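Keep the sequence and the model side by side as you read.

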Amino acid sequence: MRFELFVALRYLLGRRTQAFISVISLISTTGVAIGVAALIIVTGVINGFTTDLRDKIVGVNAHAMVLSATNIMPQQTGSDQFEYGTDSLESIMNRVRAVPEVTGVMPFIYSELMISGPRGIKGLILRGVDPATAKNVLHGIVTRITKGDFADIAPETGLPGIIIGKELAARIGATVGSRVNLLAPTAQKGTAGFTPRVKSVKVAAIFSTGMYEYDSSLGVVSLELARDLLGRPEGDWVTGLELTVTDVYKADRIAEQVGMDLGPPYYVRNWMEMNASLFAALKLEKIGMAIMVTLIILVASFSIVTALVMLVMEKTRDIAILMSMGATRQAVRRIFMYQGLVIGVVGTAAGFILGLSICWLLKKYQFIKLPPGVYSLDYLPILLQWSDLALVAAGSVLMCYLATLYPANRAASLEPVEALRYE
């Protein structure tokens, strides 16, 4: 063991007469531990919320969408028409599939219309999908079906099917097998202008994503039914293509590559771009909460300054004797720096034990329940990332180290003759 560390530990553990200084050191260590534990818990909770929200968004919506900048027809469908030029829909899909790291491609139709059931009528966001490729892209809906079967969206006989959210089904009083009506306000063009088009369908399945916005307003039908409702039964008319990629965090780069390969008039939007404001707000909240909790560690570091300054004043004679026996100023400086670092390391380790234990209990037993209908899940989510834990540990020890600089320099600047003059 180094000489400086040995003396530092003796000052921390072997004191009998400096009880007050020992209490301040204990308070400093406890403050660091509480701050580190709180920072770990807050970071884990915010990461859990962000990841849960991201998974639900990219599950219901694809990782990226290919759209066309031409032939916009708001007066007829309220959405973009996918312009093929001389290419067929299948050839465009094959070009997208050829891009590395693209795992799934699905044509879709997007429109807004109305749905009526036994208990009333409500606005609906309609998504027409290809049942053959939807399971590879819309896994967030397919895997969250609570009643019914996704395959019944396009039955061989009988009424076509629609998949709706749990909240929407409760609102209009529908269940699996119920007959509902879809109303497209401007689907047919006649002599008197655009007239509504009504189509009867049955509820094939009900899903629950946990997000009220989707569960209360989203309906999924087959491409053929969507084209029929919107007055475009001929050809391969679609709004665009939805695609999934191998890594959702690389969706922006992959989407850019898809856009470059397709060229005008096509453009590609990824999930990060479409939800940029939401995730920016979550990131800002995480930073704000981290700053607030870090203040606890900062207050504890000031306690370390107080304890070490008082110790330097108490140990003036000892410091002078050490220096007269040959200890260098650098060695004296390191003695008090080691004391502060020991407090910081012990406090950080205790904070990690406390914080990780609480996170484990929250994750295992979920004893903190959230109000239903307010959040996207009913329990407090916890997700710990090694990068965040390493940053918390490094930041805590660094603040404790900085707190030792002034007292250590003050101790190293003492003159042995002046310190021992009146002894």
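## The H13–H14 pair

Helix H13 (residues 329-365) packs against helix H14 (residues 386-412) at an angle of about 155 degrees, and their axes are 8 Å apart. Axes here are lines fitted to C-alpha atoms, for helices over the stretch in contact, and angles run from 0 to 180 degrees between N-to-C directions. H13 and H14 are therefore roughly antiparallel to each other. The cut-offs are under 35 degrees for roughly parallel, over 145 for roughly antiparallel and 65 to 115 for roughly perpendicular, with the rest oblique. The crossing of H13 and H14 is right-handed. A crossing is right-handed if the near helix is turned clockwise from the far one by less than a right angle, and left-handed if anticlockwise. By class, 17 nonpolar, six polar and two charged residues make up the contact of H13 with H14. Ala, Val, Leu, Ile, Met, Phe, Trp, Tyr, Cys and Pro count as nonpolar, Asp, Glu, Lys and Arg as charged, and the others, Gly among them, as polar.

## Basis of the model

The model is predicted: local features need pLDDT of at least 70, side-chain atom pairs count only at pLDDT 80 or more, and totals for chains, interfaces and linings use all residues. Residues are numbered from 1 along each chain as its sequence is written, and side-chain values use heavy atoms, with hydrogens and water left out. Helices (H or I, at least four residues) and strands (E, at least two) are DSSP runs, numbered from the N terminus.

## Annotated transmembrane spans

The unreviewed UniProt entry places "transmembrane region" at residues 20-46, 287-314, 335-363 and 383-406. Such annotations may be inferred rather than shown by experiment. How does the model treat residues 335-363? That span is 100% helix and 0% strand, and its end C-alpha atoms lie 42 Å apart. Residues 383-406 are 88% helix and 0% strand. Their end C-alpha atoms are 38 Å apart.

Helix H11 covers residues 276-314. At 1.5 Å a residue, its 39 residues should span 57 Å, and the end C-alpha atoms are 57 Å apart, which agrees. The expected span is 1.5 Å times one less than the number of residues. Buried residues of H11 include Phe-279, Leu-282, Val-293, Ile-297, Ala-300, Ser-301 and Ile-304. Buried means under 20% relative accessible area, exposed over 50%, and partly exposed in between (1.4 Å probe, protein chains only). An α-helix has 3.6 residues a turn, so residues three or four places apart point the same way.

The axes of H11 and H14 come within 9 Å and cross at roughly 30 degrees. That makes H11 roughly parallel to H14. Their crossing is right-handed. Phe-49 sits in helix H2 (residues 19-60). It is partly exposed, at 22% relative accessibility.

Helix H12 (residues 316-324) packs with H13 at an angle of about 140 degrees, their axes 10 Å apart. That makes H12 oblique to H13. H12 passes H13 in a right-handed crossing.

Arg-329 belongs to H13. It is partly exposed, with a relative accessible area of 30%. Its C-alpha atom is separated by 9.6 Å from that of Ala-408, 79 residues apart along the chain. Pro-416 lies in helix H15 (residues 416-420). Is Pro-416 buried or exposed? It is buried, with a relative accessible area of 19%. The C-alpha atoms of Pro-416 and Asp-318 are separated by 9.6 Å, and the two are 98 residues apart along the chain.

## Positive phi in two loops

Most residues other than glycine have a negative phi. Glu-101 has a positive phi of about 75 degrees although it is not a glycine. It is found in the loop between helix H3 (89-97) and strand E2 (102-117). At 28% relative accessibility, Glu-101 counts as partly exposed.

Gln-366 also has a positive phi, near 50 degrees. Its loop joins H13 and H14. Gln-366 is partly exposed, at 26% relative accessibility.
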